[in-house]
Each structure stands twice: as C-alpha cells, then as structure tokens.
Amino acid sequence: MPPKKPSLYSLDKTHVAFAASGFILLVGLVWMVLQDSSREWKGWQRKYMAMMQERAQTELKETQAKINAEELKKLQAELAEAKSTVVQHRAEIQKAQNELDQITNRFNKVKTEYQNLKQFQDSDRYFYEEYADHHEDEKARVYDKRLKDREGELAQAKLKFEQITAEKEAKEAEIKTWTGREQEVSKKITAMEMDVTLAEGKISKFTPSLAKEILNAPMLDFIHPSLQIQQIVVEKLQDDYYFAKAQKVDRCITCHLGIDQKGLENAPQPFRTHPNLDLFLGSNSPHKLEEIGCTTCHGGSGQSVSFTTAAHTPHSSEQAKEWAKKYDWKALEFWADKMLPLNHVEASCAKCHTGTVDVPQAPKLNEGRRLVTEYGCTGCHKVEGMDRWKVGPSLAHVQSKLDGDWIVRWLQNPKEFRHSTRMPRIFNLSNASDPESLDKNNAAISGVAAYLMKNSDPVTLTAPVGKGHAENGKTLVETIGCLGCHTVGGQSANHHGPELSGLGSKVKPEWLYSWLKDPKHYNPNTRMPSLRLSDQEASDITAYLLADHNEKFESDRPPYVKPEVVADMAVSFLTGTMRHEDALKKLNAMSPEEQLEFVGSKVIAHQGCFGCHEIKGFEDAKPIGTELTYEGTKDLSRFDFGFVEIPRTRQAWIFQKLKDPRAYDRGKVKPYFEKLKMPHFEFSDEQADAITTFVLSLQKSSIPLEMQKVLDSREKETEAGRLLVEKMNCQGCHTVDGVEGRVRSIIEDAGNAPPILDGEGKKVRERWLYHFLKGPTPIRPWLKYRMPTFGFSDQETHSLVTYFNHLSNVHERYVEDETPVTTPEHVKQGGPLFTQLQCIKCHQAHPDAALSSSFLAPNLEMAKDRLRPDWILEWLKDPQVVMPGTMMPGFFPDGASPLPDILNGDATEQIRAIRDYLMVFNPDEKPAAAAAGAKDRKNTAT
Amino acid sequence: MKQSLKTFALLMTAAYALSHPAWAASVKGSVAFAGAAPAPKTVNMAADPTCAALHKTPQPDEDLVVNSNNTLKNVFVYVKTGLEGKTFPAPAEPVSFDQNGCHYVPHVVGVMVGQPFQIINSDSTLHNVHSLAKESKQFNLGMPIKGMKIKKTFEKPEIMAKVKCDVHPWMHAYVGVLSHPFYAVSGDDGSFEIKDLPPGKYTLEAWQETLGTKTVEITVPDSGDTAPVQFSFGS
C-alpha cells in the first residue's frame, strides 16, 4: 500500500464538498429553470384552453343536435346514387374528358393568339398617337396603315376565341350532366356538417397533447410553444418612461384572451369579452384594438404580464381584499401610472375627446363635468378650455337686496337656511373649529358682511302694486314656467335656479317685486329671464313666495365679534406688507368699522368669493385655487396626503378632498390663514365620484393630434350652442337634442307642455327664430307656460339659431327666407282646401276657452313668416313622420286626398296649394276666403 | 307565399270542419252588473257647436253603460287561450267604425289582424281618428268631409287598442285586435254570442274599459252547444 501522499487538504473531504456543491448547483439550476418557466400567465392560458375546449364540446353537441338526421340520410342516399351514375357513365365521362382536354389545348392556343394580336394593336396605336401628336405624319401614316391592316385579322381572332370558348363551355356542361349531381349533393352535405367540422376543429385546437406539452416544456419552449405572450404593438402611440419614450406595447391580451371574441360575455375574468365591441376593440369600431391598445384607456403597465405588476387598481377596499385573496394582489408602490379603476375609466375618453360639452357614451364623465359647471369649481380652479360663468348671484348691489345681519347668519352655514343650496360652507369647518379659530371665523364673517354692505351700489326698487294674492301667485308659479328652472313648494322638476324657499326670511317685497318684473335691472348679467309679468302677477308671486319663512333661521342671532380679534387679524394682514410698528400705527388710524371692512376685504381676497360672485373691488382678481388643467396626470408625489389613511392614488386623494376638503390638515399645526381653505360642498358619494372621474380626465394628452377627435367648424358651432342651452337650461322645459324637457315630468296634459324642439331648424325660418329668441311672442296662446325673454346678445342668439340648424342638418344659410314660388292657381285652390279640410277648427287665431288644450294649434297667420315652406309640405304629407305622436292628424293617408274634385284629387298638388295659400293667409280676410271656399265648394260639389 | 298560406289555412279549416260535425257550436252568455247602477254620466259637447246641435238631450258617457236589466253593454268577450297554434284567415269584408253624432259607433269593436278596418265620418264636422295602439303602427287621420271613408288595418293582436278624437275630447273607443274570429261585444241586453267555436277547452275573457277583466274556463263538447256563460262585474 503506497504511503499516503501528504497533502494540504483532505481529498475525501474535497470529493464530498464537490459532490455536495454539484448537487446544490444542479438543484439550483433545475429550480431556476422551473421557476422561470412557471409563470402566472401560463396558468391563465391553460385555464383559457380548458374553458374553450369545454365550450367547443358543448357547441359540438349543440350543432350535432341541430343537424336534421333525416335530411342528412336522404342526402347521403342521393350522394350514393349520384356516385353510381358517375360509375355507370365512366366511359362516356372519360371520353368527354379527353375531348375537353383537346379543346382546352386549342383554347389556350387561340387565346394566346388573340391576346398577342391585341397587344400588337395597342402598341401600334400608342405609336400612332405619339407620332400624330408630334406631327410626324409620315411615321404616323405607317402605323395607321398597320392598325387598319390588322383590324380584320383581329376581328377574326376574336370570333375564333369566342367560338372555342363556347365549345369549351358546352363540353364542360356535358361532363357536368353526369358529375354535377354528385358535386352538388356533397357540397350540401359539407355545408350541413360545416358547424360540426368547425366545432371539431376548435376542440382539437384547445385539447392538450403530448406534442404541445413537449413544446411548452422548460428549456424547449423557445422553439414553438403553444403558450406564448401575446402583445399589441401600437404603432402611433408611445409610452413615456421619463426621459425616454418607447412604442406602446400592451401585453394585456396574454391573459385577457377573449377580450375581442364575441360569445364570452359571461365567461369568468380574465377571459370575458370587452363590453360593447361595436364601440371598442372591434375591427369596425372607432376604437380598434390594434390602433388604440389597452393601456391608452385603462392605464397601467402594458408590458407586464402578472396581475400585480400590470398595476391593476381596485375600485374599493373590498375589491382590494378580494384581489389579494384571489390573485395575490399587492399595491404597487413605485409605479406612478397605475391602471384606472373601472369606475373612473371614462376619464380616459377626454384624452381624445375634447372641446365638446358631452362625450358620447361617457355618462359619468359628463355628469362630473356638469357638476363642476353647476357648482362653479372653475371660479377658483382654472381649467384651460373650460371658460364658465360666475354661478353665484352678483353682489354688486347686494345692499338693496339683503341686510348685513342676514349675510352673517347665512355665512355661518348656508345649508341651515336652505338645504339644497349650492353655496358651500366656508367657515367653522373641521380645521378651524377650535375656540381661537371660531373667534376669527366670526370676525371674518362680520368683516365680509360689512365689506359687502359698504361696497355695493343701491338700485332703485319699486314697491309691489296693489295687494298680492298668494293663492294666485302659487298658481302662476306652478303654471307659467318658474318650474322650468326652480323647485318651489314641493314641485320639483328642475334645480337650475335656487330653490324658492324661505324667501320671507331673506328679501324685502320691493326687491322681489322689482326682480321679478325685470331681473336685469338688479343684475345685468343674471341668467334669470323675464317672464313678462304684469304688475298684478308680479305682486301675486311676491306675496306667495314671501309667505314662506324659515323660522329656525330667523331666530338665529349673529354671534358676538370680539373687537380685539378683528384688530389682531387686521394687524396680521398689515404686517404682510409693512413693519409691525407701522401696522399698529395704521390700525390705530382706522375706526372699528373700517377695521372690520378691511378684514372683510382681505378675507374675500383670501377665500376667493369673487370666483362665483361679482363683487365690487374684485373685478380683476385672479382665481385662488390650484389650476386643474393637468390634474389627472399630475405627479403623485405632489399630492399632500397628510396624515389621512387612504390608498396613495390620485382618485382616492381627489375623492377625499371633495368629501372633506379640510381633511388633509388633520394633525397639522398651521396659522389661521395658512390652513386649507377649499369650502365644503357636501357632495354625495355619487357626486364626488363623478367629479373625481372628471378631474382625472384633465390630462396632458400624449395622443397625436391626428388620432384625436377634432371638431370641424359645424361641430364647434353646435357645441357652442349646446353650452348655451345648458347655461340657460332650455331643456328644463323643451325636449331637444336627445333630452326630454324636464318639466314634462310634472305636466299631466301633454297639450300643456312646452313644445318639442327636435327638428326646429328644419321647421322654422332662421330670421323668424332669431327675432323670436330676441323677443318671444306667443305662438300657442292657450299654453300657460311662457317662453321667457332671456335678453340674449346678438351673438348668443346667432349661436342658438346655428345650433338648431345644425341639429336638423340645415346648413345652407344663404337660401334661408327665400320666398317660395307660389302660383296664383295654387293659392286660389288652397282657399277651398283650407276651408273644406277645416284647418281653422284647431288652428284658431282666438281660441275658444271651452276647448281643451290638447287639440289647439298655432295661429296659421304666423306660418308665412315662421315656417320653412318646404317643411310645410313634409308636415302636411304625414305629420306623424315628422313628429311621431303629434296631435296634428294626417289628411292625406297613404298619399290619397279625400277631395277628388280639387286639382284632380292629386294629394301632392293639394298640399302645395294649401302651402301656397298659407303664404298669403290672413285670418282677417277670413270671410272673403271662406266665401271663396264656399263658392268653390258649390262649383265642385258632386 | 302569403296566398298559399291562406289557401292552406282554408283547406285545413275545411278539413277540420268536415271531420268535426260540431263545428257550428256557438257560445252564448251575458254580462251581469252586480250592485246598484251608478247614475249615468253625460258628456259636454259645447266645445263644438256642430256636435251640440246634433242632440236635443245630453249625451251619455259610454265608459260604463248599465242596461235596464242590470247587464253591461260594450263588454268585449273573446277567446283568450285555447286556440294556440291555429291560424285563421282574416275576412275580406271590413269592420265598420263610424263617427256618428260625435260618437264612435260602435264604442267597442273587434277586428282581426289584417282585416280591413273601415273608418267612416257621418258627421259634417272635422273628426280626427287618433289610434294609440301599442302593438300596431299608430295613425292619426283627419276626416273633414262628411261621408268620407278610410281603410286601415292592425298588424298585431292587442287587448285593447284605444282610439280617440283630439278635436272632441269625449270621443274615444276601444278596438280589440285578435288573430282569430272568436269574439263578441255585449249588446243592449248584456248578451253576447261567439259563433263557430271548434270543440276544445278555452279561457274566455270579458273586458270592460273601467271595470277591468274577468275570465271563465269553458269546454266546447264534440256535439251540442255549450252551457251559457255568465260574467259578472261589480261596481
């Protein structure tokens, strides 16, 4: 035994160490490979295949059941018979086939000859034309001759070609007499079994097999795996990865495998079909999957293929819990652009759809935008492209309307006076309710009231004429149109204007009376229109509205204001611009009233009251809130969550801010004037949710202009009109533009409802509409509802007329008001028609009070100035077509006239005659017209 | 196609008639009104002098007409179920619907789907016939000429399609549109008769415009008539 070589290490131990590490490395490698190949998305794809296989099997069963077995049997019998025919005639078929082959040979030859000749001819013609054009007559003549020489040959070739074609077709037909039946029947059978074959194909596609498993096996899955990452590369869009932009790649369809497949609407997620494929994803939809991708609308990390890293965002804490359990979901902390939860996905519509009042099919976004307009958010928060009006009443003359005491009590908490008010609460909120702040709040409120009383101009007011009758006032309020904007005494169809409650505890009779008579006298910019009330009517309404008191509010006393707090606040404002000593000097120079007024002006500036109200001295003040133009893409790190425990997302922050605007001050120590100052609107959860969607939609768009919805000039004009219609609440009364007149819901007799304006642009003349909007005159005197005088500017009126035209697809402005070509004959025949069809029975100039309003109709004297001549023709032809459900009966059913003796009984001619007659119709000449009619009737009587 | 269907239907019904001798069974009955008859209401025709001049006495409101024998007039009685799967050709002769004396005559009328519905104006004033049918296409026809006639049809069965005149708010009528001919309207003595009902089990329904509906199950035997059917409405 050789002596053991002395060594520095033990060989045995080394072997063991190598073996162990080798083993560990192997296990590590295997583990690594397995780990690498076992991916979340593969599991989903396997599940999808299993689901689809199951579905295909059900489909197979269904399609098999659908096949009519009897018919199939019959067809198979027929096929057998047809086949035996073929066998019987095999010799003939063979012979015919041989002949056909020969014919085909000849056919090809003839065809080539003919085509060659044609080409030569075309070529020569080209040269001939070239030379002729260059006046090289000699050469041209040569080619001309060639052309003529070849003409005969060509004609003959064509004839030959046609002959052989016919011969070939005849032979083919001959063969078909034997074999045609077989082909036909087997085609039928194939068609019948088509669905089954398709289903079988599907099954084999989704059935797992050993081959597939091998191709999907770890280390081999680079060759041609059936489980693969699926992706959409969106050509025109890019993702912004800070400092680098990359083409948008969305891999969502790796798991959302059925997203664009019809029929998976009820499948479990992630395989469910996207809702509304005609609008989204579909190849004919405006939002094609391959052009828009997924993350353009949904947000999130398009390149990721796991549930968590794709940045799925739950819409509620319940969903978060459910996801954590089901998908092992965790909130991604460091991914800024998370997916939009489904309840806010409409926010993405605004990436491309801008400049319109509403975005089609995005109700929540639209509701959010409507609320933002209604509550005047843009008064403080600038949003580019969203210029709105001041939503609160003007305070420029407030001293003639309210007393300072009322303002003080109102500002304590506006909702205490009127629950439905949109005026938010500004003072005494959660971050300013400590005793020190309460003192300051009281001083601030008194200061604002003092400032407003001092800095507003009085207007002359007129006392109500005579004694007002409240009972009559109530009837007027409920019937002449107040309900088109206001909620009064439990009658509620609209809340465009303030609810008319508690006015007896608010304003003086002379103010209300003067306001009702002429709202623009008190505030030239008010949206409140004039209803052209008589003195008595205005007195009656004043009496009715002032009878309602808010006793609780009346019993409130204004809180005591500590003079030292006022002085203190004044100093703190003054020291902002001067040294403390000078500030004190200045303060001492002011009377207590002046101090109060000074504090008031500073509070108004601080709170930005002028965002909603016109206030003297703040005409050019800039809005005080954060600009929101790009709030939806603002970096998350720039939102101050304070100590509030909510998910770190934009939507959670915005929602919280809307629900409790001062919440983010919780636990913070701040001086009085540095505290958060957004007032409390008391939005419901639904409202706050809708506004959140809207705010999220305010984004810096990354979409190239050519992919955005760009409005053409007509659409822009329509939208301008639409905004005005919203501002003036036209749909409070009128049905137009897809919205039913809101007041209709509380009117029983449809005949009493304000008219439907669909198709108005086609119906009335532009000139008439323009002047009507400027100064309305009654068209339907029986209607108690009055079209108000809004006092539209020329531009607003023009905008509305254009809007109505566009809605009706009437665009040719210059054709307007062209008088129709009436003929004397038509006018003459129109009279008796007018009489015999008894038009005047409903279209009365001075309607009889005994008639119910459902069948009264406009005075036709107006027709010539008001109606478009072409519209009258359409209308008379069949009123139900123009306005379904109208009370106007058709007099020419199925294009037939009931009067055969006038104009040969031709309905079209008669309609024309009535129209022409209307163009000259004057009810004062009725006796003459009637007499003419009577005379005519006598002449034509049968 | 339509023609051949009709012919087929005719043949089938003929074959059916031959194999069933009791084809001509008729269902008779009457509609009683339980309780005291309410005081008859009248309508005010003052709105149209032409109408007012037509009548010397105030005209009764036809919403609820109780006959002198305590039965109800204008009750629409029809086979509601029991005829499923059978088709019946619509007769070519029209159902007449007259505007006479500013009333609709009759006030309640039945018509088959596709059967001509002839509307007549016998008054010398303007009437409009405004159909408020929910199943069939609505129409609103002006009829200004005395004696004029217009034919209309209804496309789908409906119990009941309301027809009204917008010019004369008191004027309204109801049309029972059916896919079979087995219906009747109770008369001045409250009686009705549904003729030629094939043997089988049926549900009969009686409809009154203010009192609602009542149903009765009946069996038409293979031979002989069915026992009289009694409907009774309470006030």
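1. About 130 Å³ of space lies in the largest cavity of this predicted model. The structure holds 1 cavity of 30 Å³ or more. A cavity here is a set of points, on a 1 Å grid over the protein atoms alone, where a 1.4 Å probe fits but cannot get out. Grid points are joined across faces, edges and corners, and the volume is the space filled by probe spheres set on the points.

2. On conventions: the model is predicted, so local features need pLDDT of at least 70 and side-chain atom pairs count only at pLDDT 80 or more, while totals for chains, interfaces and linings use all residues. Residues are numbered from 1 along each chain as its sequence is written, chains are lettered from A and ligands numbered from 1 in the order in which they are written, and side-chain values use heavy atoms, with hydrogens and water left out.

3. The lining divides into 8 nonpolar, 4 polar and 3 charged residues. Nonpolar covers Ala, Val, Leu, Ile, Met, Phe, Trp, Tyr, Cys and Pro; charged covers Asp, Glu, Lys and Arg; the others, Gly among them, are polar.

4. Helices α13 (435–454) and α21 (592–607) of chain A each supply at least two residues of this lining. The largest share, 3 residues, comes from α21(A). Helices (H or I, at least four residues) and strands (E, at least two) are DSSP runs, numbered from the N terminus. Domain 3 (363–383 + 627–697) and domain 4 (398–561) of chain A each give at least three lining residues. Those bounds come from an automatic or database domain assignment.

5. Now chain B. Its strands β6-β5-β8-β11, in that order, form an open sheet of 4 strands with mixed pairing. The edge strands are β6 (103–105) and β11 (149–152), each pairing on one side only. Two strands pair if DSSP finds at least two bridges between them.

6. Strand β5 (residues 95–100) of chain B runs antiparallel to β6(B), joined by 3 bridges. Gln99(B) stands opposite Tyr104(B) there. β5(B) and β8(B) run parallel, with 5 bridges; Val95(B) faces Phe117(B) across this pair. β8(B) and β11(B) are antiparallel over 4 bridges, and Ile119(B) stands opposite Ile150(B).

7. Is β8(B) buried or exposed? 5 of the 5 residues of this strand (residues 117–121) are buried, so β8(B) is largely enclosed by the rest of the structure. Buried means under 20% relative accessible area, exposed over 50%, partly exposed in between (1.4 Å probe, protein chains only). Both faces are covered: Phe117(B), Ile119(B) and Asn121(B) on one side, Gln118(B) and Ile120(B) on the other.

8. Check two cis peptide bonds. Gln269(A) to Pro270(A) is cis, with omega near 10 degrees. Pro270(A) sits in the loop between β2 (245–250) and β3 (280–281) of chain A. Val105(B) to Pro106(B) is cis too, with omega near -5 degrees. Pro106(B) is in the loop between β6 and β7 (108–112) of chain B.

9. Positive phi also deserves a look. Arg532(A), not a glycine, has a phi of about 55 degrees. Its loop runs between α16 (519–522) and α17 (535–546) of chain A. Arg532(A) counts as partly exposed, at 35% relative accessibility. Asn74(B) has phi near 60 degrees. Asn74(B) lies between β3 (59–60) and β4 (76–81) of chain B, in a loop, and is buried at 9% relative accessible area.

Key. On a 1 Å grid over the protein atoms alone, a cavity is a set of points where a 1.4 Å probe fits but cannot get out, and a pocket is an open set with protein on both sides within 12 Å along at least five of seven lines; lining residues have an atom within 4 Å of a point.
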